[in-house]
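Try each task yourself before reading its solution.

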Amino acid sequence: MDNQIRADRVTRFIDTLNQAKELGLTVTETTECSLTLCLPYNEKIIGNPDTGVIHGGAITTLMDTTSGSLMLCALEVFELCPTLDLRVDYMRPAEPHKPVYARAEVYRMTRNIIFTRCEAYQEGGETVANCVGTFMRIGPQALPKAYREKITGGPV
Amino acid sequence: MTDPEILKYTRETGDFSRLINSVPYAKFIGLECDQFGDDLIFRLPAKDQNLGNPVLPAIHGGVIGGFMELSAAIYLMLAQETVRMPRIVNFSLDYLRAGLDRETYAECKLTRQGNRVANVMITAWQKSRSKPISTARAHFLLED
């Protein structure tokens, strides 16, 4: 699987997630063990109207989506892995009117559990938030074949 | 949120609509809040745009997180005499069950309030309160 295939898979996957579409998430970069998604600035997701800073919930969704979609890059066979838990540390408010990126990587994978880390940052590299997560592997069979084919773009 | 008048109005009337309308993200996910005596119950009515997993279908885990986080901030703001949105330090979230495409509720509890930091526990459920879909813990910074 090359990076183009990975990016196409992730794009098709996040296109099926209403909330990800609503936020306008797009794929920035994929590798075999990492994924970067972009959250554009939008006035609809402001959490503090005085400063125009977006709400942490939008960043949580960005990081959950990035960490959860990472499995499409890290696993040959598409499995949807439900989130078990997330721990988010906020480093600084995201600067308004600029996109936020989240880069996630798998740092340990077992038969049952996938451990991820994710960093949300803005242009210039300032960290906005860090997140560690665990995801449960429920196996490819947990999803209908038609849905898996839609995401992988071919027979599974 | 610097409008003390809105906060005063909310405290006096128990009507959260003006407060919620002043926070764009609250409207974005559709958060609502009802007051019963001293207790606040936060509600997130079913909304197509909040879905993640299309197969179940289920609410996006991030939206559940955002709902709980914002509930905790509003709860804390009302519990104190502050007019500022409390600043979140961190947030730890356990997903216990899939959040199905139906109304979700959340309740907050101030576990500990120090001089500078508050610890808030949040529980979210759907059909039955005894079957939470998620529990979370958040730390907020109280000082400027």
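**Exercise 1.** In this predicted model, find how many residues lie between β4(B) and β5(B) in their hairpin, then follow the pairing of β4(B) with its partner strands.

*Solution.* Start at the turn: three residues separate β4(B) from β5(B) in the hairpin. Next, look along the two strands, residues 104-113 for β4(B) and 117-125 for β5(B). They run antiparallel and are joined by eight bridges. Now turn to β2(B), residues 39-44, which is antiparallel to β4(B) and linked to it by three bridges. Here Leu44(B) has Thr104(B) as its bridge partner.

**Exercise 2.** Describe the side of chain B that touches chain A, and find a strand pairing that crosses between the chains.

*Solution.* Begin with the counts: 32 residues of chain B contact 34 residues of chain A. On the chain B side, the elements giving two or more residues are α3 (24-29), α4 (61-79) and β3 (87-95). Of these, β3(B) gives the most, with eight residues. Finally, β3(B) pairs with β5 of chain A (residues 83-90) in the antiparallel sense, over five bridges. Asp89(A) sits opposite Asn90(B) there.

**Exercise 3.** Which residues of chain B does the UniProt annotation "transmembrane region" cover, and how much of that span is helix?

*Solution.* The unreviewed UniProt entry places the region at residues 58-78 of chain B. In the model, this span is 86% helix and 0% strand, and its end C-alpha atoms are 31 Å apart.

Notes
Residues numbered from 1 in each chain as written. Chains lettered and ligands numbered in written order. Predicted model: local features only at pLDDT ≥ 70, side-chain atom pairs only at ≥ 80, totals over all residues. Contact = placed C-beta atoms within 7 Å. Helix = DSSP H or I, 4+ residues; strand = E, 2+ residues; numbered from the N terminus. Pairing = 2+ DSSP bridges. UniProt positions renumbered as here; feature names shortened; annotations may be inferred.
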